[in-house]
Amino acid sequence: MREKHKSSFDRMDELQKISYTNAMARDAALVAEENFDADQLESDYYRELYAINMEQSSVNAHRALENWVPILAAAGAVIISAMMLFKGLKHVGLDLSSLQNFLIMGMVGAVVWMAVAIFARTLKRHSLQRSTFLLFSWMQVFTASAFAFSHGSNDIANAIGPFVAVIDVLKTGQISDEAAVPPAVMIAMGIALIAGLWFIGRFVIQTVGSGLTQMHPSSGFAAELSAAAVVMAASLLGLPVSSTHILIGAVLGIGIVNKAANWNLMKPIALAWVITLPAAAGIAAVTVSILRVVF
């Protein structure tokens, strides 16, 4: 490239050489800036050099996409399969040993690694931005499902627990350590969850999805996977937590890393975290006191 431009430069007259040299000097100062506008480049030499550097950067980024994203997807698949094996499928009568569970997790991770690696190689014809968007969009479908599963294992369980306890007391007339969950209650709670999401949940979705920070499918993948893992760990320990609060924390962490967190919106959210617990306790105490007086 240098020889070609040197040959072109030698064919110029003196005035053209002076003008071109000044343009290259301005371009050299421009490219030294951290974030410069390539459209402001004046000389053909720096324009072509910029195009070559961008192409090289894209090739390296695609190689990183092919090498590291399949590993990341495999790790996510192992976490999701662990949720299903240790928390979900143990209730359907499958008596699998720990060794069998780990073997299944390893096989799932290997299959996902191979599938994502093949898919990543087919995206070479797309730009890096388009490839990243497509790849993580598909991966986010599974992390969103995993988070929904963890949400049901904790938040919905928090609502079903007292409800089933009351039904069991009314049915048996005594307080038991454990109570079976009737299928009708499971269906009713599922309908209630869907109804809440449909009528009111969209406002929370908007806040978490775009209000706290700008989200990309790769950011959503990281937030959903980390939140699902934390909620599932709490469920295995029998700790009632709020999956929404945990997801907000994950999204806020992404905003902090990207230096784009909406702290103005975070203030009322944090205030709500502080208020909801004593407010709910107070309302419950007043309700129980009234019921005792009435009955």
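Author: Leucine 252 counts as buried because its relative accessibility is 12%, where buried means under 20% relative accessible area, exposed means over 50%, and partly exposed lies in between (1.4 Å probe, protein chains only). This is a predicted model, in which local features need pLDDT of at least 70 and side-chain atom pairs count only at pLDDT 80 or more, while totals for chains, interfaces and linings use all residues. Residues are numbered from 1 along each chain as its sequence is written, and side-chain values use heavy atoms, with hydrogens and water left out.

Leucine 252 sits in helix α8. Helices here are DSSP runs of H or I with at least four residues, strands are runs of E with at least two, and both are numbered from the N terminus. Once neighbours within four places in sequence are set aside, leucine 252 is in contact with Ala261, Trp263 and Met266; contact means heavy atoms within 4.5 Å.

Helix α8 covers 243-257, and the loop between α8 and α9 holds lysine 259. Lysine 259 counts as exposed because its relative accessible area is 79%. Its phi is near 55°, a positive value in a residue other than glycine.

Together with Val286, Ile290, Leu291, Val293 and Phe295, Val294 makes a nonpolar surface patch of about 680 Å². Patches consist of residues with over 30% relative accessible area and no salt bridge; like charges are joined within 9 Å, and nonpolar side chains (Val, Leu, Ile, Met, Phe, Trp, Tyr) within 5 Å. A salt bridge is a side-chain nitrogen of Lys or Arg within 4 Å of a carboxyl oxygen of Asp or Glu.

Another loop, between α5 and α6 (183-211), contains isoleucine 175. Isoleucine 175 is exposed because its relative accessible area is 78%. The C-alpha atoms of isoleucine 175 and alanine 165 are 7.9 Å apart, while the two are 10 residues apart along the chain.

Aspartate 168 belongs to helix α5, residues 128-172. Aspartate 168 is buried yet has no salt bridge, and lysine 171, the nearest side chain of opposite charge, is 6.1 Å away. For charge, Lys and Arg count as positive and Asp and Glu as negative; His and the chain ends are not counted. Leaving aside neighbours within four places in sequence, the contacts of aspartate 168 are Gly173, Gln174, Ser176, Glu178 and Ala179.

Helix α4 has 24 residues, 98-121, and spans 35 Å from first C-alpha to last, close to the 34 Å expected at 1.5 Å a residue. The expected span is 1.5 Å times one less than the number of residues. Buried in α4 are Asn101, Met105, Gly109, Val116, Ala117 and Ala120. Alanine 110 is also in helix α4, but counts as partly exposed because its relative accessibility is 41%. Alanine 110 and alanine 75 lie 35 residues apart in sequence, with 9.5 Å between their C-alpha atoms.

Now the chain as a whole. The protein has 9 helices and 0 strands. Of its 295 residues, 28% are buried. Among contacts with a separation of 6 or more, 67% join residues 24 or more positions apart. The accessible surface is about 19300 Å², and carbon and sulfur atoms account for 68% of it. Such areas come from the Shrake-Rupley method with a 1.4 Å probe; for residues, only the protein chains shown count as cover.
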